[in-house]
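I opened the notebook to look up the fold, the core and the aromatic rings. My entries follow.

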Amino acid sequence: MKSIHHLSAVALLGLALAGCGKSGDVTAENESPEQVAKKVAAANIKPQPGRWESSVKLEQMEMEGVPPQAKEAMAKQMGQVHTFASCLTPEQVNQPDGGFFQGGAKDCTYKHFTMAGGRIDAEMTCGKAPAVATMTMAGTYSATNYDIKVNSQSDVMPGRPMKMAMSISSRRAGDCNGTEEK
């Protein structure tokens, strides 16, 4: 379950986008998460601060060469919905940085990033050869919710590819109340 929360943290790009206004559109090609964050800030696209209640559903996870026990554990996670709440502060909304758009991953570049008209479409690569991970994100957002699909493909070890797909939904549920996850 901890890995689900870590993976959802990477995918929480959607949280950064939820509640966005329509002040401007953002497009980027071959840019860093920091550059994308600056474009989003310049477009005055900001999420609403507050409590966000989210659900993550792992739809696919395939990894070659794992022991049977690990495959069984992954199979048990398939289709289950994991829920959590997070608090997005006004300070975070007003001071986004690259981490806001990449969840702490290193050596990342957006091959493309488009956020316009209530839709998001992005592809990001992270890492250096031979350990490169590719993640695609597509979905919708509004002032009070978002729904996003995330697919990733990487080599855990050379010759051992891993594929993962998940869906993430989130709704703004009001003000933060101190019970949200850190």
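Which pattern does the protein chain follow, read along the sequence? I read α-α-β-α-β-α-β-α-β-β-β-β-β. I noted five helices and eight strands; helices (H or I, at least four residues) and strands (E, at least two) are DSSP runs, numbered from the N terminus.

I am working with a predicted model, where local features need pLDDT of at least 70, side-chain atom pairs count only at pLDDT 80 or more, and totals for chains, interfaces and linings use all residues. Residues are numbered from 1 along each chain as its sequence is written, and side-chain values use heavy atoms, with hydrogens and water left out.

Next I looked up burial. Of the 182 residues in the protein chain, 40% are buried, meaning under 20% relative accessible area (1.4 Å probe, protein chains only).

Then I turned to the core. The largest nonpolar core has 29 residues; such a core is a set of buried Ala, Val, Leu, Ile, Met, Phe, Trp, Tyr and Cys residues joined through side-chain atoms within 4.5 Å. Tyr110, Phe113, Met137, Ile148, Val150 and Ile168 touch the most other members. Suppliers of at least two core residues each include helix H3 (33-42), strand E4 (108-116) and strand E7 (145-157).

I found one aromatic pair. Tyr110 and Phe113 sit edge-to-face, 5.2 Å centre to centre, with 75 degrees between the planes. Rings of Phe, Tyr and Trp (its six-membered ring) pair if their centres lie within 6.5 Å, and planes over 60 degrees apart count as edge-to-face. Both Tyr110 and Phe113 are buried.

Terms used: Rings of Phe, Tyr and Trp (its six-membered ring) pair if their centres lie within 6.5 Å; planes under 30 degrees apart count as stacked, over 60 as edge-to-face and the rest as tilted. Buried means under 20% relative accessible area, exposed over 50%, partly exposed in between (1.4 Å probe, protein chains only).
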